[in-house]
Amino acid sequence: MKNQNTEKRKHLHTRSIQCHGYERDDGLWDIEATLIDNKTYSISNHERGEIQPGNSIHNMTVCLTLDLDMVIRDVHIEMPSTPFSLCRSASDVMDRLVGLKIEGGWMRKARELIARTESCTHVMELLGPVSTTAYQTMHWAIEEREREQSSRDTPAIIDQCKSLARGSAIVKVMWPEFHEDNPAVTE
């Protein structure tokens with residue numbers, strides 16, 4: 001991104017979040033998100049000593065295994081770099097998410113299952129990008145399954161955003177049976 005400000009600035013920190021979605025041979029889906037924090041300068045750490053530029057302060061991956069109903073079937077956490085060794089034990093409680101369905105309000109439910117002081121802020125933060133990546137990875141398979149059902153209910157995706165509102169041109173083309181003329185929606 002080009003800086004619109006004319007002031008000089010010094011790069012100090014980079015946080016990278018990268019997400020990947022995988023279809024597995026067994027009919028399940030693995031959705032991964034990795035967070036990496038790096039400084040451009042050395043920092044002193046209580047346990048790790050001097051952390052040099054380019055050595056990650058945080059490097060952690062969350063992998064949720066989902067079924068086609070978006071229900072969490074397994075959770076796997078990797079933490080190759082953490083500020084403190086105790087951080088790694090925060091992954092021990094993440095299996096409480098097994099059985100939870102990714103849908104509206106699911107993050108609130110996840111926070112109810114896992115107290116702030118039981119896990120890692122960064123791992124919990126990754127659940128948001130994991131859920132949106134899950135949708136981006138799996139939506140075509142979910143839609144295909146819905147098309148194959150003889151009697152369909154309204155697809156869950158309808159009315160989840162402006163583009164997918166019942167009155168939108170997109171719903172009119174993709175799901176004409178659920179399209180509703182709505183003068184409030186600009187097409």
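**Exercise 1. Strands β5 and β6**

How many bridges join β5 to β6, and do the strands run parallel or antiparallel?

*Solution.* Keep in mind that this is a predicted model.
Step 1: Find the two strands. β5 spans 58-66 and β6 spans 72-81.
Step 2: Count the bridges. Seven bridges join β5 to β6.
Step 3: Check the direction. β5 and β6 run antiparallel.
Step 4: Pick one pair of opposite residues. Threonine 65 faces aspartate 74, which sits in β6.
Step 5: Look at the turn. The hairpin has five residues between the strands. There, methionine 70 has a positive phi near 70°.

**Exercise 2. The largest nonpolar core**

Find the largest nonpolar core and say which element gives the largest share of it.

*Solution.* 
Step 1: Size. This core has 33 residues.
Step 2: Centre on the residues with the most contacts inside it. They are Leu64, Leu66, Ile72, Met94, Leu97, Trp106 and Leu127.
Step 3: List the suppliers. β2 (29-39), β5, β6, α1 (106-113) and α2 (121-148) each give at least two residues of this core.
Step 4: Name the main supplier. α2 gives nine residues, the largest share.
Step 5: Zoom in on leucine 97. Beyond its neighbours within four places in sequence, leucine 97 is in contact with Ile72, Val75, Ala110, Ile114 and Leu127.
Step 6: Look for another core. One of six residues lies apart, and includes Ile157, Ile158, Trp175 and Phe178.

**Exercise 3. Serine 56**

Is serine 56 buried or exposed? State which residues it touches.

*Solution.* 
Step 1: Locate the residue. Serine 56 is in the loop between β4 (49-51) and β5.
Step 2: Apply the cut-off. Buried means under 20% relative accessible area.
Step 3: Decide. Serine 56 has a relative accessible area of 12%, so it is buried.
Step 4: List the contacts. Leaving out residues up to four places away in sequence, serine 56 touches Ile36, Asp37, Asn38, Arg48 and Ser81.

**Exercise 4. Salt bridges**

*Solution.* 
Step 1: Side chains of opposite charge can pair when their charged atoms come close.
Step 2: Get the total. The structure holds 10 salt bridges.
Step 3: Take arginine 15 and aspartate 37. Arginine 15 is in strand β1 (residues 13-23) and aspartate 37 is in strand β2, 22 residues apart. Arginine 15 is partly exposed at 37%, whereas aspartate 37 is buried at 3%.
Step 4: Arg15, Asp37 and Glu125 are linked in a network of salt bridges.
Step 5: Take arginine 73 and aspartate 67. Arginine 73 is partly exposed at 45%. Aspartate 67 is buried at 14%.
Step 6: Take arginine 166 and glutamate 180. Arginine 166 is in the loop between α2 and α3, and glutamate 180 is in the segment after α3, so the pair ties together parts 14 residues apart in sequence. Arginine 166 is partly exposed at 25%, and glutamate 180 is partly exposed at 43%.

**Exercise 5. A surface patch**

Which residues form a nonpolar patch on the surface?

*Solution.* 
Step 1: Name the members. They are Ile170, Val173 and Met174.
Step 2: Give the area. Together they have about 290 Å² of accessible area.
Step 3: Methionine 174 is in helix α3 (residues 169-174).
Step 4: Classify methionine 174. Its relative accessibility is 43%, so methionine 174 counts as partly exposed.

How values were computed. Residues are numbered from 1 along each chain as its sequence is written. This is a predicted model: local features need pLDDT of at least 70, side-chain atom pairs count only at pLDDT 80 or more; totals for chains, interfaces and linings use all residues. Side-chain values use heavy atoms; hydrogens and water are left out. A nonpolar core is a set of buried Ala, Val, Leu, Ile, Met, Phe, Trp, Tyr and Cys residues joined through side-chain atoms within 4.5 Å. Buried means under 20% relative accessible area, exposed over 50%, partly exposed in between (1.4 Å probe, protein chains only). Helices (H or I, at least four residues) and strands (E, at least two) are DSSP runs, numbered from the N terminus. Contact means heavy atoms within 4.5 Å. Patches are made of residues with over 30% relative accessible area and no salt bridge: like charges are joined within 9 Å, nonpolar side chains (Val, Leu, Ile, Met, Phe, Trp, Tyr) within 5 Å. Accessible areas come from the Shrake-Rupley method with a 1.4 Å probe; for residues, only the protein chains shown count as cover. A salt bridge is a side-chain nitrogen of Lys or Arg within 4 Å of a carboxyl oxygen of Asp or Glu. Two strands pair if DSSP finds at least two bridges between them.
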